[in-house]
Amino acid sequence: MKGKLESSERERLVEEGKNLKESLVTLEEDLVKLKDELQHVAQSIPNMTHPDVPVGGEDSSAIRKEVGCPREFNFPIKDHLQLGKDLDLIDFDSAAEVSGSKFFYLKNEAVLLEMALLNWTLSQVMKKGYTPLTTPEIVRSSIVEKCGFQPRGDNTQVYSIDGTDQCLIGTAEIPLGGIHMDSILLESALPLKYIAFSHCFRTEAGAAGAATKGLYRVHQFSKAEMFVICRPEDSEFFHHELIQIEEDLFTSLGLHFKTLDMATADLGAPAYRKFDIEAWMPGFGRFGEISSASNCTDYQSRRLGIRYRPSEPLQTGPKKGKANLPATKFVHTLNATACAVPRMMVCLLENYQQEDGSVVIPEPLRPFMGGIELIKPKLK
């Protein structure tokens, strides 16, 4: 167009340019639709699995480690519901009237115990180089999906907010995944290690029976969640670091627990490998899950667009002074439960109960309880 052209030729080219511009708009709209369709299909495909993961259902999960042994009681034991009622710590009845089933009020020393558990956990995990955060508890549905969860459907565990594209979080893993969405991080900034406090909300669709009673399975609870963003070659190392932190925390509280390498059918879509910790709950007469640690590799980062640029030596390009930047790579993400308050309360109340109806506070938590060592029955 910059050269000498006949008037008719110039007009033809101008018209062709206009047509190309209009076609481009249509193609871009089609591309957006195709990307959405691709995203939808991709979300139905789970992550790969680690070659050492046991194949099969939950019963095929392998015990990685077992710590301690069940406490022997020489008196009739109570479950946490009875202890909570007798010690005036938990009120399910009023909460059911106010909010519905599977909600609860904490009262008296139970409130201090929740705060103590969270503050002690944060203080311990921060010593390992984890940055403390509080997170939003309402997120966009698209972030929930990109993290590998289904925000809608008959069996979803996610509460959606009508008339919006937003949901209540079921774990801080979701807003932690979104914090670096569509970012290119410097390799020198990795790993990023977080310990986040949040409230969590879950529908618990399909949950029923004695095994889910009381505090074990509820709709709203407090949790401290660990989250790591790292280079792909480091994710296995950090997976073991996360499970070691969990095991150290629960050992410090004197719990009897076992660590399981979860079988393929129990991994969920995002997890490449997952270790669960189950603790002994005397009132239930069985082990109950209190935490898990998952390596999601690049399953979440590809959907969230979290990459890093390797710090390789820069090479000079063909043009003088122009450097070729190394290609970006997707990070790996990992998550692990440091403290899910209700289930920790189940363990502590039931394992530390005394014959006179009182409950001993584990020693590590006492400084965070204002020095309280024992929860005693209230005088009538």
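Phenylalanine 237 is exposed, at 55% relative accessibility, where exposed means over 50% relative accessible area, buried under 20% and partly exposed in between, with a 1.4 Å probe and protein chains only. Phenylalanine 238, at 7%, is buried. This is a predicted model in which local features need pLDDT of at least 70, side-chain atom pairs count only at pLDDT 80 or more, and totals for chains, interfaces and linings use all residues. Residues are numbered from 1 along each chain as its sequence is written, and side-chain values use heavy atoms, with hydrogens and water left out.

## Aromatic pairs

The whole structure holds 6 aromatic pairs. Rings of Phe, Tyr and Trp (its six-membered ring) pair if their centres lie within 6.5 Å; planes under 30 degrees apart are stacked, over 60 edge-to-face, and the rest tilted. Phenylalanine 237 and phenylalanine 238 are edge-to-face because their planes meet at 80°, with the ring centres 5.1 Å apart.

Phenylalanine 250 and phenylalanine 257 also form an edge-to-face pair, 6.1 Å centre to centre with 75° between the planes. Phenylalanine 250 is buried at 1% relative accessibility, and phenylalanine 257 is buried at 0%.

## Charges over rings

A charge sits over a ring if NZ of Lys or CZ of Arg is within 6 Å of the ring centre and within 35 degrees of the ring normal. The charged end of arginine 64 is placed this way over phenylalanine 275, 5.0 Å from the ring centre. Arginine 343 lies over the face of tyrosine 216, 3.8 Å from the ring centre.

## Helices

Helices (H or I, at least four residues) and strands (E, at least two) are DSSP runs, numbered from the N terminus. Helix H4 covers residues 109–126, 18 residues in total, and spans 25 Å from first C-alpha to last, close to the expected 26 Å; the expected span is 1.5 Å times one less than the number of residues. Its buried residues include Leu113, Leu117, Trp120 and Val125.

An unreviewed UniProt entry lists residues 10–44 as "coiled-coil region"; such annotations may be inferred rather than shown by experiment. In the model, residues 10–44 are 94% helix and 0% strand, with the end C-alpha atoms 51 Å apart.

## A three-stranded sheet

An open sheet of 3 strands runs in the order S7-S13-S16, with mixed pairing. Two strands pair if DSSP finds at least two bridges between them. Strands S7 (183–186) and S16 (329–330) are at the edges, each with a single partner strand, so one side of each has no neighbour in the sheet. S7 and S13 (residues 306–309) run parallel and are joined by 4 bridges. Leucine 185 stands opposite tyrosine 308 in S13.
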